[in-house]
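Hello,

Here is the structure I promised to pass on to you. Have a look at it first, and then read on for what turned up.

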Amino acid sequence: MTILVIRIVSCTVCGIVAGIVVHIFYKDKPFFNFEGFEPRASHDTHPNLFLRFLFNLGRSIKATGLYFLLGVLLSALFQRYVPADKFAALFGKANEGKVFVCLVFPLRCPDKIYRRQTGSGI
């Protein structure tokens with residue numbers, strides 16, 4: 001509970017200090033400058049909604065497809081070359097099913113399990 005209070009207080013103090021610094025250094029000039037930004041031409045110009053969807057889908061795949069394939073490759077390499085039992089032994093046999101839950105929902109885990117898996121407490 002003390003760490004939670006420390007985090008909240010430190011975030012508040014940092015926000016206040018940042019606001020003061022911005023106020024001091026940007027007193028006479030605007031902080032935001034959007035002069036260089038112009039609205040881009042819309043790509044959604046096709047009258048057929050289905051084709052417009054397909055074009056947008058193609059642009060999305062083009063933008064993220066390489067990273068998706070890289071993720072699949074890394075996952076395949078991990079499953080192929082890292083033995084599952086050795087990896088599970090890092091977290092202990094008693095916590096084998098709890099690893100995912102404790103990493104996704106750390107507040108719902110017992111403190112000693114969370115500390116053992118991540119190396120730190122909350």
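At which residue does α2 bend, and by about how many degrees? The bend in α2 is at Thr64, and it comes to about 50 degrees, taken as the angle between axes fitted to the seven residues ending there and the seven starting there.

A word on the source before the rest. This is a predicted model, in which local features need pLDDT of at least 70 and side-chain atom pairs count only at pLDDT 80 or more, while totals for chains, interfaces and linings use all residues. Residues are numbered from 1 along each chain as its sequence is written, and side-chain values use heavy atoms, with hydrogens and water left out.

Now the overall picture. The chain has five helices and zero strands (DSSP runs numbered from the N terminus: H or I of at least four residues for helices, E of at least two for strands). Of its 122 residues, 8% are buried (buried is under 20% relative accessible area, exposed is over 50%, and partly exposed is in between, with a 1.4 Å probe and protein chains only). If you take the contacts between residues at least 6 apart in sequence, 9% join residues at least 24 apart (a contact means heavy atoms within 4.5 Å).

Back to α2, which covers residues 49-81. Its 33 residues reach 45 Å from the first C-alpha to the last, close to the 48 Å expected (1.5 Å times one less than the number of residues). At the start of this helix, a side-chain oxygen of Asn48 comes to within 3.1 Å of the backbone nitrogen of Phe50. Past the other end, Val82 sits in the loop between α2 and α3 (84-89). Val82 is partly exposed, at 30% relative accessibility, and beyond its neighbours within four places in sequence it is in contact with Leu77 and Phe87.

Helix α2 also takes part in the one salt bridge of the structure (a side-chain nitrogen of Lys or Arg within 4 Å of a carboxyl oxygen of Asp or Glu). The partners are Asp44 and Arg59, at 3.6 Å from N to O. Asp44 belongs to the loop between α1 (2-25) and α2, and Arg59 to α2 itself, 15 residues apart. Both ends are partly exposed: Asp44 at 36% relative accessibility and Arg59 at 33%.

And the cysteines? There are zero disulfides (pairs of cysteine sulfur atoms within 2.5 Å). The sulfur of Cys11 has its closest cysteine sulfur in Cys14, at 6.6 Å, so the two are too far apart for a bond. Cys11 is exposed at 56% relative accessibility, and Cys14 is exposed at 53%.

Key: Polar contact = N/O pair within 3.5 Å; in protein donor to acceptor, adjacent residues only side chain to side chain.
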